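Please read them with the structure open.

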Protein chains: 2
Amino acid sequence: MSALRQFTLDGSFAMKRGTLQRPTFAYETWGQLNTERSNTVLVFTGLSPSAHIASSEDDPANGWWEDMVGPDKPIDTGRYFVVCVNSLGSCFGSTGPASIDPATGERYRLHFPVLHVEDIAAGGAEVLDHLGIQQADTVLGASMGGMTALAFAMLHPERARQLVAISSSARSLPFSIAIRSLQREMIRRDTAWQNGNYPPDAPPVTGMQLARKLGMITYRSADEWAERFGRERVTDRPPVDHPFGMDFEVESYLEAHAAKFVGSFDANCYLYLSRAMDLFDATDHGGSLEQALSRVQVKRAMIIGVDTDFLFPVEQQEELAIGLQKQVAEVVFHRLASIQGHDSFLVDMDRFRPVMARFFSG
Amino acid sequence: MSALRQFTLDGSFAMKRGTLQRPTFAYETWGQLNTERSNTVLVFTGLSPSAHIASSEDDPANGWWEDMVGPDKPIDTGRYFVVCVNSLGSCFGSTGPASIDPATGERYRLHFPVLHVEDIAAGGAEVLDHLGIQQADTVLGASMGGMTALAFAMLHPERARQLVAISSSARSLPFSIAIRSLQREMIRRDTAWQNGNYPPDAPPVTGMQLARKLGMITYRSADEWAERFGRERVTDRPPVDHPFGMDFEVESYLEAHAAKFVGSFDANCYLYLSRAMDLFDATDHGGSLEQALSRVQVKRAMIIGVDTDFLFPVEQQEELAIGLQKQVAEVVFHRLASIQGHDSFLVDMDRFRPVMARFFSG
């Protein structure tokens with residue numbers, strides 16, 4: 001899952017709190033940079049995806065937004081040079097808590113500095129520098145990636161002409177903080193976590209599974225689950241008399257998906273990225289949301305939210321869109337009626353493709 | 001927390017699946033049974049409360065619905081004889097997994113039969129029998145208690161003249177099942193659980209704390225938490241550099257409340273009651289909701305739901321109210337605009353008192 005391209009900074013990288021020596025930044029690209037170097041779409045990801053947003057010649061496996069990025073797709077790689085960054089702090093190529101600290105020769109683990117969304121955004125700026133790109137046409141992200149895109153637009157205002165933030169927010173609210181804090185606690189309470197010092201081949205599997213299941217519960221909507229599962233019982237096994245066997249399809253669905261995730265994501269990286277979302281607050285950059293958003297210098301912005309998202313409620317996207325209107329000449333706000341909740345941007349392609357295509361053809 | 005009154009059946013008690021020998025049923029009462037024995041309000045509780053609904057001479061401690069039950073309160077104990085039943089399977093007086101099995105002299109633990117909401121309702125009927133009451137004026141419950149009241153009205157149709165169900169439903173949907181299943185898994189995955197065989201003084205504290213925190217997250221609403229906590233940081237300690245210390249007030253609130261719960265509730269009892277809610281489906285009694293509700297013979301019903309409840313969404317109460325209208329002469333349905341989510345009936349007294357008072361004075 002490591003991104004195809006990487007480079008290592010020859011020196012130090014200042015984080016919001018702390019410094020990294022010679023960090024690596026990983027990314028993937030699609031399409032061609034034009035001669036004016038003006039057609040870049042810089043994409044930041046959510047917490048768990050890698051930089052593999054779409055298939056390519058070098059890696060033909062389907063990416064996590066395969067339907068959105070490619071030739072003649074809404075983000076048309078015949079026209080745009082798409083760069084997707086693996087988040088600093090993640091475990092798919094960029095430096096994070098699972099990487100080796102050059103100062104000690106050991107993994108960083110909990111010695112990694114407290115991670116902020118702003119640091120991930122700064123990593124994106126490093127990738128642009130590395131590619132010799134002064135300004136991206138568009139900086140884009142969904143979920144945590146939307147926070148990162150917003151941070152990028154605030155902190156590097158001259159480096160993006162357009163901003164797209166999907167199912168995201170200008171700050172985390174207590175409900176989402178409580179959910180994520182509990183997910184982190186599930187991992188920390190797993191005795192296998194060992195205060196972050198688990199051996200790479202014996203991670204805190206139980207805690208990660210529980211955390212992932214809670215994540216999945218919050219990524220979709222109750223309505224979708226009612227449609228998908230109803231009260232269907234598990235059919236591939238006889239009814240059990242063990243009082244806590246799996247009774248319902250929804251339970252076995254969660255089990256199967258959590259198992260898949262746990263093998264691929266490092267627990268400490270998960271903890272750092274999860275907390276970065278809680279700590280993010282655009283108002284840190286100016287005292288009020290209005291002040292903070294006045295830093296944004298993009299010419300055009302699109303904010304998308306989904307009615308059934310209860311992790312990043314659509315009111316948060318509306319707040320962001322309204323805030324940006326004072327500053328940005330053209331702000332498009334879409335409130336989509338998807339029933340797949342927070343994850344809609346990954347699955348409800350029939351609703352997302354048209355609005356993305358319209359924006360990127362404009 | 002054990003209820004003040006108890007009796008032990010002299011014989012066996014048939015459950016939906018399984019049989020108990022000589023179970024104990026615990027309850028408390030307020031007010032006086034009238035000479036016609038016709039003024040009883042039979043109350044079933046949610047998962048975690050005891051039968052101590054209100055203070056009394058025998059136990060002056062405040063009850064969990066102190067503002068609702070008492071002299072000149074909405075359920076006026078000058079007029080009604082209020083009986084609150086400790087649920088079968090719970091740990092506050094009635095027989096449950098933490099009780100001694102007379103056949104073995106050991107705690108039941110996981111040898112307790114699979115518990116169904118219908119069994120809890122049947123326990124309520126035993127309490128009425130014990131008190132020599134043929135028909136309750138009203139059977140009432142909120143949350144799991146509302147499911148139980150409905151089961152009681154379906155299975156013992158001649159034993160209640162009125163039905164009140166609050167923030168409840170005719171069956172659990174996959175979203176709530178997923179939440180509760182995950183709560184149970186948190187407890188089961190705690191190594192201290194030991195497949196249910198933990199010593200009474202060394203319960204699975206970690207699992208119970210995690211489960212309770214998730215419960216609290218789902219009992220309230222995101223809007224209420226935004227109002228209460230905003231992004232307030234924990235103030236009673238210096239900012240910590242430990243990457244996963246507690247940052248936000250909402251985290252320390254959850255911590256404090258979970259700690260309180262864990263000391264008082266038995267883990268196996270929690271597992272049984274939680275799963276009973278998942279298994280409840282009124283349509284088991286007739287094949288369709290319409291068929292099932294046609295069993296109900298009450299003269300009057302009140303169904304109350306709350307806009308911000310996402311564990312028992314208000315659409316479920318609406319479905320129940322509409323279903324009952326075919327059968328019941330007078331159905332009152334209230335959709336209240338409380339922002340405290342599922343727990344509103346416990347805390348938003350200004351909204352709940354008037355509708356309850358109107359119903360019980362009518």
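1. Two residues are taken to be in contact if their C-beta atoms, placed from the backbone, lie within 7 Å. On that basis, 42 residues of chain A are in contact with 41 residues of chain B. The side of chain A that touches chain B divides into 26 nonpolar, three polar and 13 charged residues. Here Ala, Val, Leu, Ile, Met, Phe, Trp, Tyr, Cys and Pro count as nonpolar, Asp, Glu, Lys and Arg as charged, and the others, Gly among them, as polar.

2. This is a predicted model, in which local features need pLDDT of at least 70 and side-chain atom pairs count only at pLDDT 80 or more, while totals for chains, interfaces and linings use all residues. Residues are numbered from 1 along each chain as its sequence is written, and chains are lettered from A and ligands numbered from 1 in the order in which they are written.

3. Helices (H or I, at least four residues) and strands (E, at least two) are DSSP runs, numbered from the N terminus.

4. Two copies of a chain are related by a rotation about an axis and a shift along it. The same surface serves both copies, as 98% of the contact residues of chain A recur in chain B.

5. Chain A has 11 helices and 12 strands. Its C-alpha atoms fill a box of roughly 70 × 50 × 45 Å, taken along the principal axes. For 362 residues a compact globule would have a radius of gyration near 21 Å, and the 20 Å of chain A agrees with this. The radius is taken over C-alpha atoms, and the globule rule is 2.2 Å times the number of residues to the power 0.38. Of the contacts in chain A with a separation of 6 or more, 69% are between residues 24 or more positions apart.

6. Chain A is divided into domain 1 (5–172 + 281–361) and domain 2 (176–272), with bounds that come from an automatic or database domain assignment. The centres of the two domains, taken over C-alpha atoms, are separated by 26 Å. In chain A, 21 residues of domain 1 are in contact with 17 residues of domain 2. The domain 1 side of this contact has 10 nonpolar, nine polar and two charged residues.

7. Buried residues make up 56% of the 362 residues in chain A. A residue is buried if 20 or more other C-beta atoms lie within 10 Å of its own, exposed if 12 or fewer, and partly exposed in between; C-beta atoms are placed from the backbone.

8. Helix 6 of chain A has 14 residues and reaches 20 Å from its first C-alpha to its last, close to the 20 Å expected at 1.5 Å a residue. The expected span is 1.5 Å times one less than the number of residues. Its buried residues are Glu249(A), Val250(A), Glu251(A), Leu254(A), Ala258(A) and Val262(A). They pack against helix 4 and helix 5 of chain A together with helix 3 (174–189) of chain B.

9. In helix 2 (residues 144–155) of chain B, 11 of the 12 residues are buried, so this helix is largely enclosed by the rest of the structure. The buried residues of helix 2 of chain B pack against several elements of chain B, including strand 5 (40–44), helix 1 (117–131) and strand 11 (136–142).

10. Most residues other than glycine have a negative phi. Arg22(A), however, has a positive phi of about 45 degrees, and Ser143(A) has one near 60 degrees. Arg22(A) is found in the loop between strand 3 (18–21) and strand 4 (24–30) of chain A, and is partly exposed, with 14 other C-beta atoms within 10 Å. Ser143(A) lies in the loop between strand 9 (136–142) and helix 2 (144–155) of chain A, and is buried, with 27 other C-beta atoms within 10 Å.
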